[in-house]
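User: I am new to reading structures. Please pick one part of this one, look at it closely, and then follow what it touches.

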Amino acid sequence: MPVSHSKTFFKDLASAAALERLLPKLVMAPTFVVTLVFIYGFIFWNAWLSFSSSRMLPRMDWAGFTQYVRLFSNDRWWVAAENLAIFGGLFIVLCMAIGLFLAILLDQQVRLEGAIRTVYLYPMALSFIVTGTAWKWLLNPGLGIEKLVRDLGFENFTFDWLVDPEKAIYTVVIAGVWQSSGFVMALFLAGLRGIDDTIIKAAQVDGASLPSIYWRIVIPSLRPVFFSALIILSHIAIKSFDLVMALTGGGPGYASDVPATFMYAFSFTRGQIGLGAASAMMMLAAVVAIIVPFLYSELRRGRNE
Amino acid sequence: MNKAVGRQHRAGRLFIYGCLLLVAVYYLVPLFVMIMTSLKPLDEIRTGSLLGLPLNPTLEAWRVAWGSACTGVSCEGLKGYFWNSVFMVVPAVVISTMIGAFNGYVLTQWRFRGSDVLFGALLLGCFIPFQVVLLPMARTLGFLGISGSVAGLVFVHVIYGVAFTTLFFRNFYVNIPRELTNAARIDGAGFWLIFFRIVLPLSPPIIVVSVIWQFTQIWNDFLFGVVYSAGNQQPITVALNNLVNTSTGVKQYNVDMAAAIIAALPTLVVYVVSGKYFVRGLTAGSVKG
């Protein structure tokens, strides 16, 4: 390995060589420290906070599972968890369905494919805050889409989901799908382009119709793409914070709260640090539950190759 | 896949193009409405159609959004916050990309015992929900005396960006043939010489991907911005959210839209100019999310 031929000879040469040998480790050292402290150390620290009695100020005492008991008996937390289930479920299913549909259409050797792809993907370049602001305006009960449809002659049309506690979370779905579905399309399109087309040609020779080729051969062979899209989308869903803040602010009341906005509200505006830390641990647990099987299968695949 | 499409019916083609066009409209309408609304005076917004072109186009809303709109307590528009974001993004992107390049170089060309474990451990940084580090980091920034400032945000973005940039560079450098660097080593070239003479000249594509990815992520960040910055040190995403949700006075929808476009412009420009690299970063970087 590194510089073994200069090991003997003169002293200064040897020390230069020693430095040279150490260099790779020295270069990685800051990252090592950062990883250890700011990722693992902070997770541990946060875990500790979640087992303390911290409220306005962090306290490093031991309060057992008190904060978790408080969390699980908190109505607002359950609203947030239920909203995440609604939002996450619809967001993932819709993004996948739209993304796959568009990818298949775009794979039919259409003209201007590059331009169309550019249009489908541009929302991904936007901040969720910008997306939220735009959709907040479109969904404005008085002046947005509601007014547009009424002006067309449908006087009784109402579309006030933004201010309806029962429906507010669905506006987050609408905006989220608008932002992310083009990206899922790009994932599926890359997957489609990677399929070996001799199988498809053979099926065509056998007289299979295009829809059945897709249904029987193409879509099943996209399974890894489905898998990674599922991981990415559920990850986005669990972490979603900005979009909710910009679109509904978690409101009306806390009707459209999600765990991320819950954590923010309790940790930074309501002075419930222990409770906030406990909710953050639950979010971490959710992500780990999704990521670990994924990493495991990735590693196993890597080893088999 | 190159399927024989020639024998497809015209109806099929029509269906395909019809769907694609319809969806393109769906993606473009919000942007169109934003631009149109930002160019209309307020009374025209109230009376006119959402989709209508402005009858008396005016840049007044843009002027207000840039220079005099109220974001919370102060009424100086977005311009200060825009520059905050610039001063936050530039150092954070440069530093995190540099560290990522060095890390990727070591992890592929100078592997040592434990380096793979370190890489695996670092990858967790790509996955964790940042909520789990928010509270400890808030305390730490306080200790360091940089809480509430742009410098603090640069610090946070570098720390949590390194995992991504390392992933990018490592996965790129792993394809550099070891023979190439080994030959240089036998000729007596050292760590830095090999990096600057052999590895760096091969790197422009991945540097572009990393810079674009980091730029978009950091410019668009809201979570760190809203938690770790205060007053006139806030990034533009936080200022935009404050502006839109300021409840005092008459709601100026045209100003909201102009402000949103201002906040979106830098990343949109990057996307339009370098779409190919943008998508590459998304797919490479998003195996983590």
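Analyst: In this predicted model, confidence within chain A is highest in helix 3 (residues 75–106) of chain A, with a mean pLDDT of 93. It is lowest in helix 6 (residues 145–151) of chain A, where the mean is 80. Chain A as a whole has a mean pLDDT of 84, and 93% of its residues reach 70 or more.

The part to look at is the loop between helix 3 and helix 4 (113–121) of chain A, where A:Gln109 is found. The phi of A:Gln109 is positive, near 50°, and A:Gln109 is not a glycine. A:Leu112 is found in the loop between helix 3 and helix 4 of chain A as well. A:Leu112 also is not a glycine, and its phi is positive at about 55°.

How covered are these two residues? A:Gln109 counts as partly exposed because it has 14 C-beta neighbours inside 10 Å. A:Leu112 has 12 such neighbours inside 10 Å, so it counts as exposed; 12 or fewer is the cut-off for that class.

A:Leu121 is buried because 20 other C-beta atoms lie within 10 Å. Setting aside residues up to four places away in sequence, A:Leu121 touches A:Gly182, A:Phe183, A:Ala186 and, in the other chain, B:Val279. A:Ala29 is 92 residues from A:Leu121 along the chain, and the C-alpha atoms of the two are separated by 38 Å.

For the complex, the predictor gives an ipTM of 0.87 and a pTM of 0.87.

A:Met283 also has neighbours in both chains. Leaving aside residues within four places in sequence, A:Met283 is in contact with A:Ile238, A:Pro259, A:Ala260 and A:Met263 in chain A, and with B:Pro129, B:Gln131 and B:Val132 in chain B. A:Pro259, A:Ala260 and A:Met263 are among the buried residues of helix 12 of chain A. In that helix (residues 259–269), nine of the 11 residues are buried. After helix 12 of chain A comes A:Gly271, with a positive phi near 60°.

A:Met283 belongs to the largest nonpolar core, which has 179 residues. A:Met283, A:Phe188, B:Ala259 and B:Ala260 are the residues with the most contacts inside that core. The largest share of the core, 16 residues, comes from helix 7 of chain B.

Helix 7 (residues 150–173) of chain B packs with helix 4 (residues 79–109) of chain B: their axes come within 6 Å and cross at roughly 35°. This crossing is right-handed. The residues of that contact divide into 18 nonpolar, 12 polar and one charged.

How far does the predictor trust chain B? Its mean pLDDT is 86, and 93% of its residues reach 70 or more. Within chain B, confidence is highest in helix 4 of chain B, at 93, and lowest in helix 14 (residues 275–285) of chain B, at a mean of 70.

How values were computed
Residues numbered from 1 in each chain as written. Chains lettered and ligands numbered in written order. Predicted model: local features only at pLDDT ≥ 70, side-chain atom pairs only at ≥ 80, totals over all residues. Axes fitted to C-alpha atoms, helices over the stretch in contact; angles between N-to-C directions. Helix = DSSP H or I, 4+ residues; strand = E, 2+ residues; numbered from the N terminus. Left-handed = near helix turned anticlockwise from the far one by under 90°. Nonpolar A, V, L, I, M, F, W, Y, C, P; charged D, E, K, R; others polar. pLDDT = per-residue confidence, 0-100. Core = buried A, V, L, I, M, F, W, Y, C linked by C-beta atoms within 7 Å. Contact = placed C-beta atoms within 7 Å.
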